[in-house]
Amino acid sequence: MDPTTPPPLLATLRRQYPQAFPDDPDAVMPLAIGIREALAAEGHDLEAVRAALAHYTGSAAYQRALAEGTKPRIGLDGQPVGPVSHAERQKAAHYLEHPGKPYRRRRQRHGKKAHARILETLHMKAVQTKLAITLQNDSFRQSLDHATEGAASVPIAVDINGREFTAHLNPASFRKAVAAFREAGQPVVVVEGVVNLDAQEPRIDSAHVRVKDKKPPNRPKPQATPAPAPDPKPAPATSGKPAPVVTVAKSRAPAQPQPPAEPPQPTPSPLGKPKLSLKPKPKP
């Protein structure tokens, strides 16, 4: 097929959607992002849609509409759906100045693209959501003396921005939370559960309450109990032989020098005469 010849589907699109595909070049408007998928959803062949859009958006009139930057993008009904980005205007201006030369996007630091593609918003619907609601301490303190003995459940109503959510708590769990609230230094009461968004009345299913303590009270530490003294080990059994006795030598003080002994004096004779001695007399 000659590239200058319009695809057959383009004439059909001009008849079905004259606001989106006008014949007048001056009335051409940028098309909405995702227009190809919208045409395929209308029952048109996807390959034929691609060929028709490639011919339509590749025209000089369409590129001028993009480069001007004053015309918004429109849908199949001709209503504006969003603006043309700065990167798309630059690309169209480059196409008009250099026909046939590919446009290269500038890149920011770290190799990221300067302008990312803007995708169409996907609309989804939620079915349920989990909640963790922090209650005011004053409102919970008013229910500390609430009698719950023998009750099947403890019904509560939680006000969330003017909207009241009902829940049923387990009585034992509620009493446990009350006891924890009384003992806590800085209590935080949290109600958790699942909210069914399709229900007629706002309620919290599978609800339970718990209390956290941001600042536990100062409690005296328990005194450490001294460990009992170990029992003396029994003496090892002997084979009947007496155990050897080990003696330890005592340290003795150094001996003091003794004065020289005097020579023995001669013993007088009972007869009145000096006793003979064989030792020589000392010289005067």
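## Legends to close-up views of a predicted model

**Overview: the whole chain.** The accessible surface of the chain comes to about 23,200 Å², of which 55% belongs to carbon and sulfur atoms; accessible areas come from the Shrake-Rupley method with a 1.4 Å probe, and for residues only the protein chains shown count as cover. This is a predicted model, in which local features need pLDDT of at least 70 and side-chain atom pairs count only at pLDDT 80 or more, while totals for chains, interfaces and linings use all residues. Residues are numbered from 1 along each chain as its sequence is written, and side-chain values use heavy atoms, with hydrogens and water left out. The chain holds seven helices and seven strands, which are DSSP runs numbered from the N terminus (helices: H or I, at least four residues; strands: E, at least two). Read from the N terminus, these elements follow the order α-α-α-α-β-β-α-β-α-β-β-α-β-β. Of the 284 residues, 21% count as buried, where buried means under 20% relative accessible area, exposed means over 50%, and partly exposed lies in between (1.4 Å probe, protein chains only). Among contacts between residues at least 6 apart in sequence, 61% join residues at least 24 apart, a contact being heavy atoms within 4.5 Å.

**View 1: helix 3 and its buried side.** Helix 3 (residues 46-57) has twelve residues and reaches 16 Å from its first C-alpha to its last, close to the 16 Å expected at 1.5 Å a residue; the expected span is 1.5 Å times one less than the number of residues. Within helix 3, the buried residues are Val49, Ala52, Leu53 and Tyr56. They cover an arc of only 95 degrees around the axis, which puts them on the same side of helix 3; the arc is that of the directions from the helix axis to the C-beta atoms. An α-helix has 3.6 residues a turn, so residues three or four places apart point the same way. The cover over the buried residues of helix 3 includes helix 1 (8-16), helix 2 (35-41) and helix 4 (60-68), whereas the face turned away from the buried side carries the exposed residues Glu47 and Ala54. At the start of helix 3, a side-chain oxygen of Asp45 comes to within 3.2 Å of the backbone nitrogen of Glu47.

**View 2: Leu53 and Ile35, with their surroundings.** Leu53, found in helix 3, counts as buried because its relative accessibility is 9%. Apart from neighbours within four places in sequence, Leu53 is in contact with Phe21, Leu31, Ile35, Arg36, Leu39 and Gly58. The C-alpha atoms of Leu53 and Pro6 are separated by 10.0 Å, although these residues are 47 apart along the chain. Ile35 has its place in helix 2 and, at 10% relative accessibility, also counts as buried. Not counting residues up to four places away in sequence, Ile35 touches Leu53, Gly75 and Leu76.

**View 3: an aromatic cluster.** Phe21, Tyr56 and Tyr62 are linked by ring pairs into a cluster, and a search of the whole structure finds four aromatic pairs. Rings of Phe, Tyr and Trp (its six-membered ring) pair if their centres lie within 6.5 Å; planes under 30 degrees apart count as stacked, over 60 as edge-to-face and the rest as tilted.

**View 4: Arg73 and its polar partner.** Arg73 lies in strand 1 (residues 73-74) and is buried, with a relative accessible area of 8%. The side chains of Arg73 and Glu88 are joined by a polar contact of 3.0 Å, a term for a pair of N or O atoms within 3.5 Å; within protein, one must be able to donate a hydrogen and the other to accept it, and residues adjacent in sequence count only if both atoms are side-chain atoms.

**View 5: helix 7 and what packs against it.** The 13 residues of helix 7 (residues 171-183) should span 18 Å at 1.5 Å a residue, and the end C-alpha atoms are 19 Å apart, which agrees. In helix 7, Pro171, Phe174, Ala177, Val178 and Phe181 are buried. Seen down the axis, the buried residues of helix 7 fall within an arc of 120 degrees, so they line one face of the helix. They pack against helix 6 (137-141), strand 4 (154-160), strand 5 (163-169), strand 6 (187-196) and strand 7, while Lys176 and Glu183 are exposed on the other side of helix 7.
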